[in-house]
Amino acid sequence: MSAFLRPAASQDQDPDPETSGRRYRPVTSQFAIRPPVSVVIPAMNEAENLPYVFKTLPDWIHEVVLVDGNSTDDTVQVARDLCPAVKVVQQLGKGKGDALITGFAACTGEIIVMVDADGSADGGEILRYVSALVGGADFAKGSRFANGGGTDDMTLIRKLGNRVLCSIVNHKFGARYTDLCYGYNAFWKRCLDEIALDCAGFEVETLMNIRVVKAGLRVQEIPSHEFVRIHGTSNLRAVRDGLRVLKVILRERGERRGRPRPQPRLAIAPAASRGDVS
């Protein structure tokens, strides 16, 4: 799998001097994009899962940024074997939030996509996320519970906890989310200035979802299917991490100041099957 695709030659001169030299990147036979797309993959001891992850990534993305959380297996070497152009960044801190913040800082693309390294996400869905962004959204939020989404990897108690926490966020912040704690999202890199992430753990997804609402950014939910982790065990702990998510919600509610920002517009993108993008 190659993380880079040489831009197609253009016969027309780009009239904008600031974007001179940039060309549209063909995605499908009917769709091309100009902004480069970076995919951030936080990974710790995921050597067995990376072949599945990289296999589904589309070849038109600009770069893959792998954030290695001090793995003790061959995670880094496997990533480089699969994609010689991969950008490997070593995580200095701990936790998924810290890894994502580290990865975001290393991205050179205008669009950033977050993908887990356990094989639970279908990289083919990236097309839908990117389409939502170039169509006008600021933040494309994956949802396992929007019409067309699904999950094979959530226990009953996790589903219940997610639903309760999602309802609290919707009520407290005026959001209309159908899913809260999901790590498959995409956004314009400029949004990082608006949401200023500052947490280290799994609650980072919740923090992002809350702060895009508080910033008044345009949100579009993307139906997404979560598959079962292929190898290994998750570091997620339902009760412990659920309490951390709740703590973030209460903190963010308490820090709300000044005139309320306009509520974000949220739409549901049509679902597509896993085999839509090869």
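Before I look at any sheet, a rule to keep handy: two strands pair if DSSP finds at least two bridges between them. Helices (H or I, at least four residues) and strands (E, at least two) are DSSP runs, numbered from the N terminus.

**Entry 1: ground rules**

I'm working on a predicted model, where local features need pLDDT of at least 70 and side-chain atom pairs count only at pLDDT 80 or more, while totals for chains, interfaces and linings use all residues. Residues are numbered from 1 along each chain as its sequence is written, and side-chain values use heavy atoms, with hydrogens and water left out.

**Entry 2: the whole protein**

I looked up the overall make-up and found eight helices and 12 strands. The protein has 278 residues, and 51% of them are buried. Buried means under 20% relative accessible area, exposed means over 50%, and partly exposed is in between (1.4 Å probe, protein chains only).

Then I looked at contacts (heavy atoms within 4.5 Å). Of those between residues at least 6 apart in sequence, 76% join residues at least 24 apart.

**Entry 3: strand E4**

Which strands does E4 pair with in the parallel sense? On one hand there is E3 (residues 37–43), joined to E4 by six bridges and running parallel. The chain gets from E3 to E4 through helix H1 (residues 50–56), in a right-handed β-α-β crossover. Right-handed here means that, with the strands pointing away from the viewer, the path from the first strand over the helix to the second runs clockwise.

Why do I call E4 largely enclosed by the rest of the structure? Six of its six residues are buried, so that is the reason. In a regular strand the side chains alternate between the two faces of the sheet. I checked both faces of E4: Glu63, Val65 and Val67 are buried on one side, and Val64, Leu66 and Asp68 are buried on the other.

**Entry 4: glutamate 63**

I zoomed in on glutamate 63, which belongs to strand E4 (residues 63–68). Is glutamate 63 buried or exposed? It counts as buried because its relative accessibility is 4%.

A polar atom of its side chain lies 2.6 Å from the backbone nitrogen of threonine 108. Glutamate 63 also forms a salt bridge with lysine 87, with the closest N and O atoms 3.4 Å apart. (A salt bridge is a side-chain nitrogen of Lys or Arg within 4 Å of a carboxyl oxygen of Asp or Glu.) This pair links distant parts of the chain, E4 and E5, 24 residues apart. Lysine 87 is partly exposed, because its relative accessible area is 28%.

How many salt bridges does the structure hold? I noted 15.

One of them joins the side chains of glutamate 205 and lysine 96 (2.6 Å, N to O). Glutamate 205 is in helix H7 (residues 204–214) and lysine 96 is in helix H3 (residues 96–106), 109 residues apart. Glutamate 205 is buried at 5% relative accessible area, and lysine 96 is buried at 15%.

Another joins glutamate 252 and lysine 214, the closest N and O atoms being 3.1 Å apart. Glutamate 252 is in helix H8 (residues 238–254) and lysine 214 is in H7, 38 residues apart. Both of these residues are buried. Salt bridges with shared partners tie Asp198, Arg211, Lys214, Arg251 and Glu252 into one network.

**Entry 5: serine 120**

Last stop: serine 120, in the loop between strand E6 (111–114) and helix H4 (126–134). Serine 120 is buried, with a relative accessible area of 4%. Leaving out residues up to four places away in sequence, serine 120 touches His225, Glu226 and Phe227.

Terms used
A polar contact is a pair of N or O atoms within 3.5 Å; within protein, one must be able to donate a hydrogen and the other to accept it, and residues adjacent in sequence count only if both atoms are side-chain atoms.
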